[in-house]
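Here is a briefing on one protein model. Please look over the sequence and structure before reading the points below.

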Amino acid sequence: MIKNGHHAAEEQREEDSVCGTPGGSACSPEKRKRVVRLWCDGCYDMVHYGHSNQLRQAKAMGDYLIVGVHTDAEISKHKGPPVFTQEERYKMVRAIKWVDEIVEGAPYVTTLETLDKYNCDSCVHGDDITLTVDGKDTYAEVKRLGRYRECRRTQGVSTTDLVGRMLLMTKTHHSNMDNPDYQQHTDNFGKGPKGHSPWTGVSQFLQTSQKIIQFASGKEPQPGDTIIYVAGAFDLFHIGHVDFLEMVYKQAERPYVIVGLHFDQEVNRYKGKNYPIMNIHERTLSVLACRYVSEVVIGAPYAVGKDLLDHFRVDLVCHGKTEVFPDKDTSDPYAEPKKRGVFRAVDSANNLTTDDIVQRIIANRLQFEARNQKKEAKEMAVIEAMNRKEQDQSEGAAQPAH
């Protein structure tokens, strides 16, 4: 695990929580503070900034965050086939900067036994509902025992929506979510026979400056840091990106990694089809959540020119194995860093691309559509049961006393 500023602070908090010093002096009030350990769990399939935001909120409730990730077999049993393998999902969650530790193969149903085994005070989950294969709330036991805490679900993103964008392969998701083709596709994808569930339905993400501040590290480069610049689309942020950024991070003893993100129109110019799947705001948060990234340039110029290199005092420019598309004038966008001798090709040994993920989705389209419709039908059944219970309670309260 990386010793960046975040983890150094965490270690210091853990040290400060232990009473007594080598000299045997008494504890200060700060040192008497007990470390609050929290547990999150999930499939974390197709990890997006909504998952990262849940983990950010959970970490803010305590000091040490442990994340349990389910196996492929467990997910297939309760939900249907995952897009990513368990090994890919474990690595993706490890790369999120608010995560201190992960538990591989965590049980699908969160029990008191699990929390106690990992010495966790509480379990944290979003304000949506997670159901087992037989329609039961997976957090029922920890809720009943008062060991459950809730954070707000991130509006405007869901795995269902992202899959819908990939399957549709048009540009409508960037500009017009009311487009009938897009709406019909999301209806097929995330709608059971009895209408939309508020947890699975699609809504548009609205970026705010506050959200960027919450995700950003806020750390300036320090004297002695090596400033490394990489640029690209980083669309549908995935394990191929993580492996690349980890390798970039390892290029220096004290790296400060800046990621330049191209605007949507620029990405579409060189990638075509309906790329990018995620818009510039979504891609910004996805990249900022990665522990190997220090800063993001939103809407970076395609050519890595003199002004950019001088402004950020860049020591090293890296690019992976993916094809470098020429600029609009057919010039090499990396001509300037190559001329300065600061360009380096980095091989992460991971060839996964956003295209590959889209192909995985298309190959399993019917399974994913069935999976999401089944999930929504279960959620709607729970909502109806909750509504009936509330109605019964209100009718009972309205009955005159005899």
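In this predicted model, Ile 228 stands opposite Val 257 in strand E7. Ile 228 also stands opposite Leu 316 in strand E9. The points below cover the strands, a cavity and a salt-bridge network.

**Strand E6 and its partners**
- Strand E6 spans residues 226-232, and six of its seven residues are buried, so the strand is largely enclosed by the rest of the structure.
- Seven bridges join E6 to E7 (residues 255-261), and these two strands run parallel.
- E6 also runs parallel to E9 (residues 316-319), with two bridges between them.
- Helix H11 (residues 239-249) belongs with E6 and E7 to a right-handed β-α-β unit.

- Arg 313 sits in the loop between helix H14 (306-311) and E9.
- Arg 313 counts as exposed because its relative accessibility is 57%, above the 50% cut-off.
- Arg 313 and Ile 227 are 86 residues apart in sequence, yet their C-alpha atoms are 7.1 Å apart in space.

**Cavities**
- The structure holds four cavities of 30 Å³ or more.
- The second largest cavity has about 100 Å³ of space.
- Lining that second largest cavity are 14 residues; Met 46, Val 47, Phe 84, Phe 237 and His 238 are the closest to its centre.
- Helix H4 (residues 86-94) gives the most to this lining, with three residues.
- The lining of the second largest cavity has 10 nonpolar, two polar and two charged residues.

**A salt-bridge network**
- The model has 20 salt bridges.
- Lys 306 forms a salt bridge with Asp 310, with the closest N and O atoms 3.0 Å apart.
- Lys 306 and Asp 310 are separated by about one helical turn because they are four residues apart in helix H14.
- Lys 306 is partly exposed at 49% relative accessible area, and Asp 310 is partly exposed at 37%.
- Asp 310 also meets Arg 340 in a salt bridge (3.0 Å, N to O).
- Asp 310 lies in H14 and Arg 340 in helix H15 (residues 335-340), so this pair ties together parts that are 30 residues apart in sequence.
- Arg 340 is partly exposed, at 34%.
- Within H15, Lys 339 and Glu 336 are three residues apart, which means about one helical turn separates them.
- The side chains of Lys 339 and Glu 336 meet in a salt bridge (3.6 Å, N to O).
- Lys 339 is exposed at 66% relative accessibility, whereas Glu 336 is buried at 18%.
- Salt bridges that share partners join Lys 306, Asp 310, Glu 336, Lys 339 and Arg 340 into one network.

Key: Residues numbered from 1 in each chain as written. Predicted model: local features only at pLDDT ≥ 70, side-chain atom pairs only at ≥ 80, totals over all residues. Heavy atoms only, no water. Buried < 20%, exposed > 50% of the residue type's maximum accessible area, 1.4 Å probe, protein only. Pairing = 2+ DSSP bridges. Right-handed = clockwise from strand over helix to strand, strands pointing away. 1 Å grid on protein atoms, 1.4 Å probe; cavity = no way out; pocket = protein on both sides within 12 Å on 5 of 7 lines; lining within 4 Å. Points joined across faces, edges and corners; volume = space filled by probe spheres on them. Nonpolar A, V, L, I, M, F, W, Y, C, P; charged D, E, K, R; others polar. Salt bridge = Lys/Arg side-chain N within 4 Å of Asp/Glu carboxyl O.
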